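Q: I would like to learn how to read a model with several chains. Could you take me through it one feature at a time?

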Amino acid sequence: MLIDTHREEVDRILAKYPADQKRSAAMPLLYLAQSAYGHITPQAMEEVGGLIGVSSTDVAGLVGFYSLYYDRQAGKRRVQICTDFPCALRGAETFAAALCQKLGVRLGETTPDGEWTVEAVMCLAACDKAPMFQVQDADGIHYHESAGPDQPLTVDQALDVLANYTSAGKGG
Amino acid sequence: MADNVTLTIDGARVTVPKGTLIVDAAKRLGNDIPVFCYHPKLQPVGMCRMCLVEVGRVQRDRASGQVIVDENGQPRVVMAPKLETACTTPVEEGMVVIGASGRVKEARDDILEFLLTSHPLDCPVCDKGGECPLQNLTIAHGPGQSRFIFEEKFRLAKQLPLGELIYLDRERCIQCARCIRFQNDIVDDRVLSFYERGRHLEIITCSEPGFDSKFSGNTTDICPVGALTTTDFRFEARPWEMNMAASICPHCPVGCNLTLNTRREARSGGQMVIKRVMPRQNEQVNEIWVCDKGRFGHHYASSSDRLTRPLVRRDGKLLEAAWEEALELAAGQLKAAGAGLAGLAGGRLSNEDLYNFRQVVTGLGGSAALNTRMGGAEQTQQVGVGLGTNFAEMGPGTAILVVASDLEEEAPIWWLRVKQAAERGATLIVANGRPTKTDRAARYVIRYAYGQEVATVLGMLVTGSSEAAEALARAENSVILFGREGLDFAGSTALAQACANLLIATNHYGRPNNGLVGVWPDANTQGAWDMGLPARGQAVLPVGATASWIVAADPVGDGEISAEALRAAGFVVVQELFLTPTAQAADVVLPAASWVEREGTFTNGERRVQRFYPAITMKGRPDFQIAAEIGARAGLSVSSHAAQIMLAIAENVPAYAGLTYQKLTEVVKQWPEVGGRDLYYGGASYTNRQGLGVQVPSAAERGADITAGKLAAPPPPARNGLTLVPVTVLYDRSTTFVRSQVMHPYVPRPYVELNTADAARLDIQDGDTVTVEAAGVRVTLTARVDGRAPEGVALMPADLGPAVPAVAGPATIQKG
Amino acid sequence: MFVEFVRGLATTFKQIFEEPVTAPYPEVKRPVAARFKGRHELKRYDNGLEKCIGCALCAAACPADAIFVEAAENTDAVRFSPGERYASTYEINMLRCIFCGYCADACPTEAIVLESNYELSFTNRDSSIYTKDMLIVPVLPGGEPTPQKAPPGKFGRAIPDMKDPE
């Protein structure tokens, strides 16, 4: 139970919000649960819901909405490619397919070495730099965008970016 | 009028209240603007974009705020550059709305095509097919040819169960969130949510069990596509193949209006059977909703173990007999008993049954009684809610007190309506010995110790005793709903009197939206009292009974009398649907017709008399007819026609004066319109064409002198140790519900609920087997430890199998 | 006048040596036209599964109300048709049927077809009701009779995928 293992953090997060607005603590508590459990388990959703007095279904709705939360075990780092409408028009789907092929996985899968999980996500708010992707790791979130409308991001560039992460041993 | 706004929609002028949405204003004109996500009972969200219209507004000078007029002296109207959603835009003075233009048509066609991008178009096998808004609007707006190739459509596994009652088909979902909004806003069971985003958006439930709500069936009515369907009706029939019969729900005192869909069925040998139960609109009673007990609890009528032939005891055994023989025998024996004849009837019978029963029993010199553990109907007859009372009209200025009742478990639709009244601004006061779901919506929660119900209400009579009492006294309108939790007959009668005294003292009776409502155990308890049946005493049969005639009651099964004791009191005639333990002890068993096979009327808790109609082929005979036939053989003349009996009731029961079957069928146009051609607007609930019922006046409204009854607060019960409180659960094992197989996963095993502290003291864990001993009852069942019971109190649901004590009292609970 | 007489008789005599057009029914049966509408048949796929999905659109289209359909759900263990749903009861009252063919037009899976059998006679009203067993065609060689056992997940669609009609 989160409340047992991370009592201090839970209390600190809850203290930030007024007693009658406990539900505001949902997001920070979910981050906490994510770092504690590796990903957000159904059990974690129930615990967080219990802490803030919200049904676990509502908590699950939050987890589902944000690409920042993950509800299943994945690799060390996540490559999240935006395939929403503007990006798709700029070739994001082809880009995603090509990147997947290079990494030898399908969308949503993790590379055999457990290093990368490739996902297609909804809008990442960088339509002007489409196609683009973000990398989520223990350090946070890193955007990798096209240089401009004339210079779309290529798969080779993307692979170089990814190689940088692994060689630098960043995060992990 | 300042509160009204006049606008023009497609050339027609309409005046509507300020704040009305364009879609509703158009509906008043009979102009159907297509919608998917909008529903008149839900807050608008503008998610589906189907209702796009051109909107023109009166131009105003920015500096002065004055309306700019054109050369003709008319206000200048400027059309907005983009189309707007009619479901989220409120009307404005002088607004011009155009829905019949090519631009609008094109936009709607495009939206529809977009909604169909991933729709599987499996209408031929879809249970919604035939009454599906998406299907209808596709015919009106859809392209003849799909531009999206089937192979490229987004596919998911079909038929995902959300709980045991509802199936979700995610491919068909158009993400309008009607179901989620219904669950969140109307019933406050937040058990549905969206998951993921974009094309991957899907409906999920994380509750345990899945879709844990007592109102889940309603989401299938308002779902504008076939995404949510019920397991009970799955592939049973196509909507257009079924017949309709109007009915009234027999499960609780709300009296929800129903439409029964029937069809012949091969596996029932070609008999007409009830295929499904749908809500029928009655804005005064159930609006367009019905709880899952009403929707799925009809199976007892078509149960294969129904009695169909009379049984007569020969050589100690019940054997089938002809009607003539059984009736002759029963009439002869009952007549011979004379003053020793004890009649006992249940509250699930119709007014006609109860009236005839009483006529015959008293005509033979016997005494008839109602089998009930709850009293207080004399008080509701005196100061019951006034004519025209409607929970939907209650808001600011109204106070509602709910006392000794768990409204959601006892009368679910009242819970929903009371909660909505509270949300509109009514002051909801909940008084109970434990937390209930009603607390969530309450402004004041009064917690008493069981046994202090009457004292608590009497305490509210003292001016300024509490904020809640003050709010109730000072409110313009006040309604009190009283239940029977933890109370026996005497206790609930005293509570009703205390509530009546409170209403009389604060002058809240005899007018609309004021007065007393009983949360009765049965659908027609109020009607039974009105028909002149007094409640039975502590004992099932009066002293000196030499023959008994028991109708729609099972005192043996309820553990109130043993079969031997019943048989010792002379000849026993039982009129029943099933061979209940009481029927097994009878000398003559007469098979009764169930409520779906015959005519009749129920009087609901708000004293509204409502009529139900035969829907399927009769098994057995109606109770009123059996009573008449026994009467005829004993030399009494009572009518055996329902409509005629109602005329006799109107003549002999003052409150029912002037009632006729014709009057009960009268309808007025209701708002919002549902069930019409435009299924997309209100959902699949049926339009009410068969009668809204008639509320009968209270004694106060008939000019009677109303005075508060004398009542002393009982001394607080001296208690140490645990108090065992019998409570009501909606899904129980009662005769009329347990035969609905589909609901079995929701009927709990017998349990007793303990407070965490008590459980720790007794060394009892959640799920342990425990033995409960109280008031001569000794049962072994499962313990639940979840903190819902207050300390010192153990809650034990009734009607789950083992007998429970009639009244809250001391108990000992031990492990094992 | 004599000329006309001879010409008429010539036609008569010519016919004497021609083959007769009447057939000795029932020993000899004449083939029916390609679009003849005779007794209905419920078709199967080559693998033996039934085409009918129990949607009752035939019954809805029937102007004579001659068709009665009840549906039930397929499972992988007991499978009659490829989709979710199959007809558990299928009856046509041949006394009511007017052989208009609307049922075949309405059928979304081309399961019901009016074939060439016109030999319908009954001695009582009950036997005019043709049940599913009487209407469904035999399994073709290579097919399996229904109900079949199907591997889980093989039939995930509500309605079987169909080629567009030619």
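Predicted model: local features only at pLDDT ≥ 70, side-chain atom pairs only at ≥ 80, totals over all residues.

Q: How many helices and strands make up the secondary structure of chain B?
A: Chain B has 22 helices and 35 strands.

Q: How do I read the radius of gyration of chain B against the globule rule?
A: The general idea is to set the value beside what the rule gives for the chain length. For 816 residues the rule gives 28 Å, and chain B comes to 29 Å, which is close, so chain B is as compact as a globular protein of that length. Its C-alpha trace spans about 95 × 65 × 60 Å along the principal axes.

Q: What percentage of the residues in chain B is buried?
A: A residue is called buried if 20 or more other C-beta atoms lie within 10 Å of its own. In chain B, 56% of the 816 residues are buried.

Q: How should I describe a pair of packed helices?
A: Two packed helices are described by the angle between their axes and the distance between the axes. Take helix 7 (residues 323-337) and helix 18 (residues 623-633) of chain B: their axes come within 8 Å and cross at roughly 65°. The crossing of these two helices of chain B is right-handed.

Q: Which residues make the contact between helix 7 and helix 18 of chain B?
A: Helix 7 of chain B brings L327(B), E328(B), A330(B), A331(B) and L334(B), while helix 18 of chain B brings E629(B), I630(B) and R633(B). Five of the residues in this contact are nonpolar, three are charged and none is polar.

Q: And the interfaces between chains?
A: The size of an interface is often given as the accessible area lost when the parts come together. Here we can count residues instead. Between chains C and B, 18 residues of chain C are in contact with 14 residues of chain B. On the chain C side, helix 2 (57-61), strand 2 (67-73) and strand 3 (85-93) each supply at least two residues. Strand 2 of chain C gives the most, with four residues. By type, the chain C side divides into ten nonpolar, three polar and five charged residues.

Notes
Residues numbered from 1 in each chain as written. Chains lettered and ligands numbered in written order. Contact = placed C-beta atoms within 7 Å. Nonpolar A, V, L, I, M, F, W, Y, C, P; charged D, E, K, R; others polar. Rg over C-alpha atoms; globule rule 2.2 N^0.38 Å. Buried ≥ 20, exposed ≤ 12 C-beta atoms within 10 Å, placed from the backbone. Axes fitted to C-alpha atoms, helices over the stretch in contact; angles between N-to-C directions. Left-handed = near helix turned anticlockwise from the far one by under 90°.
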